[in-house]
Amino acid sequence: DDPLFFELFRSAMQSVGVSLCRMLMFPLDDESKSFLLDADIILLSGGDTGSGWSIFKENNLQPIIESCYQNVAVITGISAGAIQLGPLGWREEKKDGISTYSTFQLHDYIVSPHDEENGWQTLKKLVMQTGKSGLAIPFGGGVRLAPNSPPCSIKGPAYVFTPGESEPSKKCLPMCFEYCL
């Protein structure tokens, strides 16, 4: 909900010819809901993953985003927004380890942005606990996920962790060679 980040997004979109952009505030009024349902590009921005997810749930945004996705809108996430597009988010609890919660589930990868300093430890634990593969996205990088295509990295290396017998295996994702809006 930070207007500064929205202005960065709007500027980037205008540089590629997208001029109609709107920052949506909650609760959504009918006009904003209609705008969202007709959008070709949707950005879920960063912040606190759990707090953002709570706002989405309180405002019944999951069926709206799923409808947009099924109608082929390009949905992108930055930081917490990238996590929310996958199957789960998490909270690190001091006593009990990691607690997880379901998110949009638009793809099957657990997403962990900019945790390279910690060696992706939380992502590795989640990969082993859930049996799902995970995407490790270093600060400043990105990953493209498209239906019926393998993931690829944008603007620098990114990694996929897959469950192994005692620990996950790590592979570098190939670079994307196509960019489309």
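Residues are numbered from 1 along each chain as its sequence is written, and side-chain values use heavy atoms, with hydrogens and water left out. As the model is predicted, local features need pLDDT of at least 70 and side-chain atom pairs count only at pLDDT 80 or more, while totals for chains, interfaces and linings use all residues.

**View 1. Helix α4 and what covers its buried residues.**
Helix α4 spans residues 61–70, and its buried residues are L61, I64, I65 and C68. (Buried means under 20% relative accessible area, exposed over 50%, and partly exposed in between, using a 1.4 Å probe and protein chains only. Helices are DSSP runs of H or I with at least four residues, strands are runs of E with at least two, and both are numbered from the N terminus.) These four sit on the same side of α4, because they cover an arc of only 95 degrees around the axis. That arc is taken from the directions from the helix axis to the C-beta atoms. The cover over them includes α2 (30–38), β1 (41–44), α3 (49–58) and β2 (74–77). Just past the end of α4, have a look at V72, which takes a positive phi of about 65 degrees.

**View 2. Strand β1 beside β2.**
As a rule, side chains in a regular strand alternate between the two faces of the sheet. β1 pairs with β2 in the parallel sense over 4 bridges, and the bridge partner of I41 in β2 is V74. (Two strands pair if DSSP finds at least two bridges between them.)

**View 3. The open sheet β5-β6-β9-β10.**
Four strands make up this open sheet, in the order β5-β6-β9-β10, with mixed pairing. β5 (110–113) and β10 (169–172) stand at the edges with a single partner strand each, so one side of each is left without a neighbour in the sheet. Neighbouring strands are turned by 25 degrees against each other on average, direction ignored. (Axes are lines fitted to C-alpha atoms, for helices over the stretch in contact, and angles run from 0 to 180 degrees between N-to-C directions.) Helix α6 (residues 121–130) lies across β5, β6 and β9 (159–162), running at about 175 degrees to β5.

**View 4. Strand by strand through the pairings of that sheet.**
β5 and β6 (residues 134–137) pair in the parallel sense over 4 bridges, and P113 stands opposite I137 in β6. Next, β6 and β9 pair in the antiparallel sense over 3 bridges, with L135 opposite V160 in β9. β9 and β10 are also antiparallel, over 4 bridges, and F161 has K170 in β10 as its bridge partner. These two strands form a hairpin with 6 residues between them.

**View 5. The 2 salt bridges of the structure.**
Side chains of opposite charge can pair when their charged atoms come close. A salt bridge is counted when a side-chain nitrogen of Lys or Arg lies within 4 Å of a carboxyl oxygen of Asp or Glu. One links E7 and R10, with the closest N and O atoms 3.2 Å apart. Both residues lie in helix α1 (residues 3–15), 3 residues apart, or about one turn of the helix. E7 counts as partly exposed at 40% relative accessibility, and R10 counts as partly exposed at 25%. The other links E31 and R22, with the closest N and O atoms 3.4 Å apart. E31 is exposed, with a relative accessible area of 55%, while R22 counts as partly exposed at 33%.

Conventions: Contact means heavy atoms within 4.5 Å.
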